[in-house]
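Subject: Structure handover

Hello,

Here is the structure we talked about handing over. Please keep it open while you read the notes below.

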Amino acid sequence: MEAVQTSFDDLGRPLSDVTFCVVDLETTGGSAKAGSKITEVGAVKVRGGEVLGEFQTLVNPDENIPAFITVLTGITDAMLIDKPRIAEVLPSFLEFARGTVLVAHNAPFDTGFLKHNSRELGIPWPRFEVLDTAVLARRTLLRDEVPNVKLATLARVFHATTTPNHRALSDARATVDVLHALFERLGPLGVTTLEEVSTFTARVTPAQRKKRHLAEHLPQAPGVYLFRDARDDVLYVGMSRNLRSRVHTYFTESETRSRMGEMVMLARRVEGIVCATTLEAQVRELRLIARHRPPYNRRSKFPDRLSWLKLTREPWPRLSVVKRILDDDADYIGPFGSRTSADDALAALHDTFRIRQCTPRLAKRSRRHACALAELGHCLSPCDGSVEPETYADEVLRVQRAMTADPVELVDAISRRMRDLADHERFEDAARWRDRLTALLRAVVRTQRLAELTAVAELVAAAPHADGWEIHVLRHGRLAAAGVMPHGTHPAGWVDALLATAESIDAGYGPIPAATAEETECLLRWLDTPGVRVVRGSWVAPLASGARHLERLTALATRAKATTLTS
């Protein structure tokens, strides 16, 4: 930050007296260093809640805009042909922003592009103070208030007067509303100056430091720690490779999460559970969070928000979004992190296949009236008996194949739809179908990945350890036992002894019969770690799966990630 007078710095600058320049950029990609260019600059200058001026211009990048960026922003090559280059735009913007505090949502992205172009053009970069509304929101809001800190989410929650739409000025206007809403949240907390906002990280107080003794009894070993309050209720669960060192950090300046400071003040003791390996500690952490639902663990806030997409087993099967997996021999994919993602995947399947969308259970010989979807040719209409069971069963088989094997038919169909929409410049509609396809593919791949391990009755694997080998027993995707085999030990007898004490686990039913999806995915990540060796058993990945299709969409999304974070 720029130097200021000592007396003024001591007092702090009231937020109402500070002039902010809220800026947003649109670009051809996510990295200026990788060659991406600026295509639009939008900025709003505000002070004391009043708009002092606005700055907006398209920028000719002297290169073609990638198709996915055009789909995202609506900015086309034709729109930029006669627009000024960045060499003309940047000096004008810097003059507009002179003497202000720069504000951006995901500020490193926007300031990174501006600084990069300043260096390229030989223009001195002013020593702007920078405020990031994404960081400020992350430190101010709770997870039960907002699922994420994307601009679109915050604008909706705070009822912004402008809806973000991937255009620079609109997004900058929305960011202004978000900034003011965040300032209103900080006021009751005593944060009223720019200096206080810039350092709003819940610094450790002397009272917190006095609680360092809570960590003294913990060993320097891997394990799980539980902060408990005066009633011995669990406040927070965490894991570490070194229990004592990790818990000590909660009483030092290295802990900057605001809610952790509040949690530490409520804590009366810290319980430590030593684990044989780091993997065991990770799994125990997941299980303890699920059991206790501690108020200061974000991941425990909404455990019931997970959804599954189900293909029912009945005379005329249908698709349904459900919260639980039943022992009904149905096909399930998921879990989805939100109902919205599940609905997107459902829409992708319904648009591609003519399976019924009505919810009543139909008899084999149904004589109901056909619905509008049947009249439009979007449903085979088993309700009025106009389709043979064999024909409908073939359609169900196509749906099942897309959900559980290779969704190539669905991918091809939706890809054609997206191209057609883009050709007609219906970019928002094309992006919507891209999101639906992505939601489905992620669920398909996640389910297939889980099934790789949950279908295995028993797997014993080992990884190098400082004291020998760490050995884990996995049964149906659940950690059944863990231990460290010392150097020089005969492996067969040691493994037999570990197996004898391992947890007995039934096969169960569904994609995750014996554990949570998080636990099984944690085990899969460990199995994929270099150096891990399979001692007994095996597991394989199917050749025909959704992974190859998702990779293409993921590559596209990665390039657009930085732009998406600002929306």
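What follows is a short account of what was found, grouped by region.

Please bear in mind throughout that this is a predicted model.

Strands E2 and E3

Strand E2 covers residues 38-47 and strand E3 covers residues 50-58; the two run antiparallel and are joined by eight bridges.

Thr76

Thr76 sits in the loop that links helix H2 (67-73) to helix H3 (77-80). Its relative accessible area is 18%, so Thr76 counts as buried, the limit being under 20%. Leaving aside residues up to four places away in sequence, Thr76 touches Ile65, Thr70 and Phe427.

Helices H6 and H8

Helix H6 (residues 133-140) meets helix H8 (residues 168-186), with axes that come within 10 Å and cross at roughly 35 degrees. The crossing of H6 past H8 is left-handed. On the H6 side, the contact is made by Thr133, Leu136, Ala137 and Thr140. H8 contributes Thr175, Leu179, Leu182, Phe183, Arg185 and Leu186. Sorted by class, this contact between H6 and H8 holds six nonpolar residues, three polar and one charged.

Arg246

Arg246 belongs to helix H11, residues 243-248. With a relative accessibility of 24%, Arg246 is classed as partly exposed. Asp110 is 136 residues away from Arg246 along the chain, and the C-alpha atoms of the two are separated by 34 Å.

The sheet E10-E9-E11

An open sheet is formed by three strands in the order E10-E9-E11, with antiparallel pairing. Strand E10 (319-322) and strand E11 (331-336) are the edge strands; each has a single partner strand, so one side of each has no neighbour in the sheet. From one strand to the next, the twist averages 20 degrees. E9 (residues 307-311) pairs with E10 over four bridges, in the antiparallel sense. Within that pairing, Leu309 stands opposite Val321 of E10.

Two helices lie against these strands. Helix H14 (residues 339-352) packs on the sheet and touches E9, E10 and E11, its direction making about 175 degrees with that of E10. Helix H16 (residues 389-404) also lies across E9, E10 and E11, and runs at about 145 degrees to E9.

Cysteines

How many disulfides does the structure hold? The count is zero. Two cysteines show why. For Cys358, the closest cysteine sulfur is that of Cys383, at 5.7 Å, which is too far for a bond; a disulfide would need the two sulfur atoms within 2.5 Å. Cys358 is partly exposed, at 28% relative accessible area. For Cys522, the closest cysteine sulfur belongs to Cys275, and at 12 Å this too is too far for a bond. Cys522 is buried, with a relative accessible area of 6%.

Regards

Notes: Residues numbered from 1 in each chain as written. Predicted model: local features only at pLDDT ≥ 70, side-chain atom pairs only at ≥ 80, totals over all residues. Heavy atoms only, no water. Axes fitted to C-alpha atoms, helices over the stretch in contact; angles between N-to-C directions. Left-handed = near helix turned anticlockwise from the far one by under 90°. Contact = heavy atoms within 4.5 Å. Nonpolar A, V, L, I, M, F, W, Y, C, P; charged D, E, K, R; others polar. Buried < 20%, exposed > 50% of the residue type's maximum accessible area, 1.4 Å probe, protein only. Pairing = 2+ DSSP bridges.
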